[in-house]
Amino acid sequence: MRSNGFMLLFGILLTLILDLGLYVRIKQFLQTRKNRLFYWLHSAVFVAGLFCYYHYVPRLKTPETYYWIGLGIGLLFLFYIPKLIFILVSLICWPLGRIRPSFDKKSLWAATIISGLCFFVILHGITCNRYNYKTETTPVCFPQLPPAFDGFKIVQLSDLHLGSHSVNYKGIPLLVEQVNSLHPDVILFTGDMVNNFAAELRPWTEELSRLKARYGKFAVTGNHDYGLYVRWKDPAKQRRNMKEFYENMEKAGFVMLKNTSVPIVREKDTLCIAGVENWGNPPFPRYGKLEDALRNCSSHFVVLLSHDPSHWEAEVLHHNVPLTLSGHTHAMQMGIKVGTWEWSPARMLYPQYDGLYRNNGKYLHVSRGEGYLGFPGRIGLRPQIDEIILCRDGGK
């Protein structure tokens, strides 16, 4: 608590120092008392927000916790990041303004335009872009794929984080309609349906039950689904929360793969869909038991669901698993993609953070997901529905 208090004090002092520096920079344009009052009111609201976050948010122990946290983070990004951009550009241009005074005013206009663009990019990210789903179709071919599964269509979904949304969020109905329009053979969900509480899923079970696939819907748990980020007063409550989570997933029509597998039979061929519980590097939990999940799959083509992509290089590559599906990274909910070139800050944490990766004839597909956590939106890289088409080498 003492360290949190220090961070609060540091945040307030940093805010006031930056705002004072900016005030000195632009005070010539704040000639009226009303303009100066509005300027410092913006700072006061932000400082008040820091106090509220420090004193109130940690007390929230309900399924709505992350919604309110996300709302606060969204407002912070929207109203303060452009301000920081303005300060940064102004500081960079300030020495040139000392040498050539006429450049000073131009630099302020440049800072204003750049920070204004930043504001609208963030605004777009936290409004329509958060459910502006992109459908990405990826064919993945294998010489050992059973002939009956040539053209088999998988829709991968991941990281819905339902507790981050209000109950009026229109993104989930849109998602259901868009997925159903693809007519998938199977829907595979790779974890983090909720943030902590099973109750986050309750308002959406009926809507998610409308997701249809010819051979069914299957899912695994992600690190957030266990309720590990809540201080439970009674361990029995956490166990009941986990039990309710599985019940709600069943009501939504998903078969949970808890270090288990299910066979999909098509004509005379069989495909094995296996799933492990969350397996991640610390501090993420490591409940996955790959050997158990693959026990009944030795003679079949395997599609493995494992929430955390770090599991692939650490364990999965050492087994006969042609295709692994993961999520978890969200691609940090921001990034840039131009043609085939893509960059996201997620690259600094995960070598495999978005899309298809290959190693020695085996594939990993990482979904950037359809939901969000913390920052309530997507900047640049849109939320994505992944349509994966299995094919034999030489097939379509």
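Cys 128 is partly exposed, its relative accessible area being 36%, where buried denotes under 20% relative accessible area, exposed over 50%, and partly exposed the range in between (1.4 Å probe, protein chains only). The model is a predicted one, in which local features need pLDDT of at least 70 and side-chain atom pairs count only at pLDDT 80 or more, whereas totals for chains, interfaces and linings use all residues. Residues are numbered from 1 along each chain as its sequence is written, and side-chain values use heavy atoms, with hydrogens and water left out.

A disulfide is taken as a pair of cysteine sulfur atoms within 2.5 Å, and by this rule the count comes to two disulfides. With bonded cysteines counted along the chain, the disulfides follow the pattern 1-4, 2-3. One of them joins Cys 141 to Cys 391, with an S to S distance of 1.9 Å; the torsion about the S-S bond of this pair is about -85°, so the disulfide is left-handed. Distant parts of the chain are linked by this pair, since Cys 141 lies in strand 1 (residues 134-142) and Cys 391 in strand 14 (residues 384-392), 250 residues apart. Here helices (H or I, at least four residues) and strands (E, at least two) are DSSP runs, numbered from the N terminus. Cys 141 has a relative accessibility of 25% and therefore counts as partly exposed, whereas Cys 391, at 0%, counts as buried.

In the other disulfide, the sulfur atoms of Cys 272 and Cys 297 are 1.9 Å apart. This pair also links distant parts of the chain, with Cys 272 in strand 7 (residues 269-275) and Cys 297, 25 residues apart from it, in the loop between helix 8 (290-293) and strand 8. Both Cys 272 and Cys 297 are buried. Cys 128 takes part in no disulfide, and the nearest cysteine sulfur, that of Cys 118, is 16 Å away; Cys 118 is buried, with a relative accessible area of 18%.

Six strands form an open sheet of mixed pairing in the order 6-7-8-9-13-12, two strands being regarded as paired if DSSP finds at least two bridges between them. Strand 6 (260-266) and strand 12 (355-359) stand at the edges with a single partner strand each, so one side of each is left without a neighbour in the sheet. The twist averages 20° from one strand to the next, with axes fitted as lines to C-alpha atoms and angles running from 0 to 180 degrees between N-to-C directions. Within this sheet, strand 8 (residues 301-305) and strand 9 (residues 323-326) run parallel and are joined by three bridges, and Leu 304 stands opposite Thr 324 in strand 9.
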